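Hi everyone, thanks for having me. Let's have the sequence and the structure up on the screen, and then I'll walk you through a few places in it.

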Amino acid sequence: MASCVLEAPLRMSVLSEVTASSRHYVDRLFDLDPQKVLQGVIDMKNAVIGNNKQKANLIVLGAVPRLLYLLQQETSSTELRTECAVVLGSLAMGTENNVKSLLDCHIIPALLQGLLSPDLKFIEACLRCLRTIFISPVTPEDLLYTDATVISHLMALLSRSRYTQEYICQIFSHCCKGPDHQTILFNHGAVQNIAHLLVSTSYKVRMQALKCFSVLAFENPQVSMTLVNVSVDGELLPQIFVKMLQRDKPIEMQLTSAKCLTSMCRAGAIRTDDSCIVLKTLPCLVRMCSKERLLEERVEGAETLAYLIETDVELQRIASITDHLIVMLADYFKYPSSVSAITDIKRLDHDLKHAHELRQAAFKLYASLGANDEDIRKKPILESGAIELLCSLTQSENLALRVNGIWALMNMAFQAEQKIKSDILRGLSTEQLFQLLSDSDVNVLMKTLGLLRNLLSTRPHIDHIMSTHGKQIMQAVTLILEGEHNIEVKEQTLCILANIADGTTAKELIMTNDDILQKIKYYMSHSNAKLQLAAMFCISNLIWNEEEGSQERQDKLRDMGIVDILHKLSQSSDPNLCDK
């Protein structure tokens, strides 16, 4: 009991000392002697460096409003104002709560006002603090754009020093989120003002300028088309970006320049068969996927490569045979390698955080690689055991892994040969297919239906699959059409039935199932035109005149009253239904 009684006052005593020490720093800011105030700010600066607890104490004790007051006072010396900006920047480097506190005190308008000063050192200190605040995830990017004159002034400050260049480019690259921001920066001359910084003697300036262009050009044809024609010291920007891709350059520079060239290529500013894409950008991004790279670099490399090749079959083919890329991707699913073996908690957190990102990136790249070309799906992807891997991921408790696993299988089944389709069905098993079709997440359900639709395409495949899995598939279709599902799910299910109805022998599984036929009849008279149209496709495939047994099928459907419904639909105001 004695130890308990003594321990609490001891803790209170230490806390009081800390608070008293912090209070001393704040009190000195109110001294009547300007020189003592200046020394107090300098001492505060030294006290908070690398000390988050001290930063938090000073914020709680009200240091921020006083520092901002001193920073904005014309009677304050330039040295004092500069030191105040430095301390505020140091406080912003603490926790996200620190940044929130600074924002609540309206620090951004005060710092922006400080940029009008003629003193360069003070301007640099204000910019450094603004940079730290704007790169925080808690700071709304729109705060940079509330006053139209701010962007113009920042553009003008770019020429002042290498520090203004570095900080302003960093602010722009972090605050450029989406087409509206891109347009504002572009219209204020960002391309022309930043281009020459790519050849700066300062690596940090070159890097921040490069990052600016990577966000300005992303999904923006206007910026991309402009960039391709800009030259610096007689060299076009694409050539400068290619130089930055070289293996002897730092990895972040290689990756960021590859992102610039990728965006320009996707925007149509650079041809997909241009040597700077085929021989430089694509191989660089493949290199970034190797296990020698950091996990973050592998994620960024794979995602950028997926975006580059997404719509071009020739780039997909080249990527699939470059540096054993498919084998590299299989390695993306092995992190964290062994949780029990990692004793460093920070390392474990890092690996667990990036394990999910690695898998997501690999899925995107798998999907892009196999998006358009059957040979690619058959050759680097299938030989690497991707089907078994993806089928196993559909059983994961992690929703994102289930969605992406089934999504990748859906893409793999698109226009695939019969063996691949059979391998997918075998790998999934009937039980797992039913599990996915009853998944509570609509994305999983929709992707599973999409997979079934892709599996049940081309007549020989439809007949083969329905001969082995017909009973189970028809059961699944019935359950979904009877269940409480949205229009898209029901429409996709009816499209699967339409595919089955296109089979030579498979269509008999519908014709001999009165329950399914009644459901098709019901959806022909549904209030939703999409469902009516999908049901019509089923009927159309069942009664096709040129196929054996068509007369018997027509007679049966006529007896069910289908012809009467068709007559009504022929008078429909919907042109699609009427034509069909």
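Let's start with residues 1-17, where the pLDDT stays under 50. For that stretch, the model has zero contacts beyond four places in sequence. Keep in mind that this is a predicted model, so pLDDT is the predictor's own confidence in each residue, on a scale from 0 to 100. There is another stretch to look at, residues 337-342, where the pLDDT is again below 50. Here the model does have five contacts beyond near neighbours in sequence. As for the chain overall, the average pLDDT is 87, and 89% of the residues score at least 70.

Now please find two helices for me: α17, which covers residues 275-287, and α18, which covers residues 295-309. Their axes come within 8 Å of each other and cross at roughly 145°. Who makes the contact? From α17 we have I277, T281, L282, L285 and V286, and they meet G301, T304, L305, L308 and I309 of α18. And what kinds of residues are these? Seven are nonpolar, three are polar, and none is charged.

How many disulfides does the model have? The count comes to zero. Take C284: the closest cysteine sulfur belongs to C289, and it sits 9.9 Å away. A disulfide would need the two sulfurs within 2.5 Å, so the pair C284 and C289 is too far apart for a bond. C538 is in no disulfide either, with the nearest cysteine sulfur, in C495, at 7.6 Å. Are these two cysteines buried or exposed? C284 is buried, at 0% relative accessibility, and C538 is buried as well, with a relative accessible area of 0%.

My last stop is an arginine, R402, in helix α24, which runs over residues 399-413. Is R402 buried or exposed? Its relative accessible area is 14%, and buried means under 20%, so R402 counts as buried. What does its side chain meet there? One partner is D439: the two side chains are joined by a polar contact of 2.9 Å. Another is E397, whose backbone oxygen lies 3.2 Å from a polar atom of the R402 side chain. Leaving out residues up to four places away in sequence, R402 touches L393, T394, S396, E397, D439 and V444.

That's my tour, and I'm happy to take questions!

Definitions and conventions
Residues are numbered from 1 along each chain as its sequence is written. This is a predicted model: local features need pLDDT of at least 70, side-chain atom pairs count only at pLDDT 80 or more; totals for chains, interfaces and linings use all residues. Side-chain values use heavy atoms; hydrogens and water are left out. Axes are lines fitted to C-alpha atoms, for helices over the stretch in contact, and angles run from 0 to 180 degrees between N-to-C directions. Helices (H or I, at least four residues) and strands (E, at least two) are DSSP runs, numbered from the N terminus. Contact means heavy atoms within 4.5 Å. Ala, Val, Leu, Ile, Met, Phe, Trp, Tyr, Cys and Pro count as nonpolar, Asp, Glu, Lys and Arg as charged, and the others, Gly among them, as polar. Buried means under 20% relative accessible area, exposed over 50%, partly exposed in between (1.4 Å probe, protein chains only). A polar contact is a pair of N or O atoms within 3.5 Å; within protein, one must be able to donate a hydrogen and the other to accept it, and residues adjacent in sequence count only if both atoms are side-chain atoms.
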